[in-house]
Amino acid sequence: MIRRLLHPWLTVRAQIALGAVFVAAALPKLADPPGFAEAIWNYQLAPAWLIHPAALTLPWLELLCGLALCLGVWTRAAAAWCAALLLVFATALSVNLARHHPVDCGCTQTRARSADERVADMRWAILRDLGLLALAAQILAAGAARRRDLAFSPETDTMEGSPGA
Amino acid sequence: MPKLFPDLMRALALLAAALVCAGLGNRLARADRKLDWTGWAPPAGLLPATPAPPPPPQAQAHPAAPEPAPLRGKGPRPPVAPAPPSPAPAAQFAPAPDAVIRDIASEAAWEAFRLRIPFLDARRSAEFQDGHVPGAWSVPVWEADAAARITEFEARANPAPLAPIAIYCSGGDCEDSRLLAKKLVDLGYRNLFIYRDGFPDWVKRGRPQERGARP
């Protein structure tokens, strides 16, 4: 069962799916960093000094990690970043949901609507983040398993798991 | 552990590449899409409180000021709403030492407009261009040139520290007005009024508006 879950066929598809989601999520934020900064500020979790650098850098990090996953380059490093970002997003959403503070998710769009719609969006966003986190975990676990199997091989993982590999 | 070293270096390389791209992208971005690397927005919990406005005095009977001529405008304007009776139009905008930032309701905002109190629009530039209170100054708090726009407002309108200034954004849970008010308090202004229902209420009541950037 574990071997099936870590099969390269599944890993390639997980990489492409996760990468495509991250690229799609990055584009609206790249187009409007001030709007994303406002979204981060609305979470009321990040310190003031971190909001602007995060709003400028995170979308590019998402884009680069998404492209790396889609292209099968540096997949473990990119998946690790994706997992870290997803953990941060899910935690931030959960904290605000727990304290009944509806926020504009800022995940794939930088504007939202009424408070009720935001709460519903937040719940779906947490579920989506957990699903994406499972994809990132699959990529990382498959990479670790392959590394164990190739323990005595000098190959690198540069194109590991890519469709052409 | 040594096997993780290449992955760690690649992760750091991705972060470095993201920082470089962010710097270049921000440098090349349009003015309304630029963001300063250092922000001044305090946490929402640290924003100054906005006490409710005191009830206007009932005894005085000032005649209602005539509606001001449109200051400038390019777009269509809806019919002007009738002015509500206001017994003391100017008194409610007098400075109050214990409340440098006060919330005002829709009627008081209209009165402020009639009294030619300067309005600052804290929404994004694109929203301002889609429609704003006639004569309002655009100071989008989340855009990189917000400080320059405040400086321009100060240079051209030359407001006194105790002169009333009205601020609005999109109403509802929009906090941009309070962020801008906090910034103005830091600059020394002590008589600020936040139109809490914001521009959607202004439009809903059929009050004049204009479109386009401020000349």
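The entries below go from the chains to their contacts, then to single residues.

**Ground rules.** I am working with a predicted model, where local features need pLDDT of at least 70 and side-chain atom pairs count only at pLDDT 80 or more, while totals for chains, interfaces and linings use all residues. Residues are numbered from 1 along each chain as its sequence is written, and chains are lettered from A and ligands numbered from 1 in the order in which they are written.

**Chain A, overview.** I listed six helices and zero strands in chain A; helices (H or I, at least four residues) and strands (E, at least two) are DSSP runs, numbered from the N terminus. I then checked burial: 47% of the 165 residues in chain A are buried. A residue is buried if 20 or more other C-beta atoms lie within 10 Å of its own, exposed if 12 or fewer, and partly exposed in between, with C-beta atoms placed from the backbone. Next came contacts, meaning two residues whose C-beta atoms, placed from the backbone, lie within 7 Å. Of the contacts in chain A between residues at least 6 apart in sequence, 70% join residues at least 24 apart.

**Chain B, overview.** Chain B is divided into domain 1 (4-33) and domain 2 (86-215), with bounds that come from an automatic or database domain assignment. I found 37 Å between the centres of domain 1 and domain 2 of chain B, taken over C-alpha atoms.

**Where the chains meet.** I found 27 residues of chain B in contact with 26 residues of chain A. The side of chain B that touches chain A has 15 nonpolar, five polar and seven charged residues. Here Ala, Val, Leu, Ile, Met, Phe, Trp, Tyr, Cys and Pro count as nonpolar, Asp, Glu, Lys and Arg as charged, and the others, Gly among them, as polar.

**Helix α1 of chain B.** This helix (residues 4-28) has 25 residues and reaches 36 Å from its first C-alpha to its last, close to the 36 Å expected at 1.5 Å a residue. The expected span is 1.5 Å times one less than the number of residues. Its buried residues are Asp7(B), Arg10(B), Ala11(B), Leu14(B), Ala18(B), Ala22(B) and Asn26(B). An α-helix has 3.6 residues a turn, so residues three or four places apart point the same way. What covers the buried residues of α1(B)? The cover includes α3 (33-43), α4 (48-71) and α5 (75-98) of chain A.

**Two residues of α5(A).** Ala78(A) is found in helix α5 of chain A. It is buried, with 30 other C-beta atoms within 10 Å. Not counting residues up to four places away in sequence, Ala78(A) touches Cys65(A), Ala68(A), Leu69(A) and Leu14(B). Phe89(A) is also in α5 of chain A, and is buried because 22 other C-beta atoms lie within 10 Å. Its C-alpha is 7.9 Å from that of Ile126(A), 37 residues away along the chain.

**Strands of chain B.** Strand β1 (residues 101-104) and β5 (residues 192-195) of chain B run parallel, joined by four bridges; strands pair if DSSP finds at least two bridges between them. β4(B) and β5(B) also pair in the parallel sense over four bridges. In β5(B), Phe193(B) is the bridge partner of Arg102(B), and Ile194(B) that of Ile167(B). Leu192(B) and Ile194(B) point one way from β5(B) and Phe193(B) and Tyr195(B) the other way, and all are buried.

**The core.** Which residues have the most contacts inside the largest nonpolar core? They are Cys82(A) and Ile167(B), in a core of 85 residues. Such a core is a set of buried Ala, Val, Leu, Ile, Met, Phe, Trp, Tyr and Cys residues joined through C-beta atoms within 7 Å. This one draws at least three residues from each of domain 1 and domain 2 of chain B.

**Positive phi.** Gln44(A) has phi near 55 degrees and is found in the loop between α3 and α4 of chain A.
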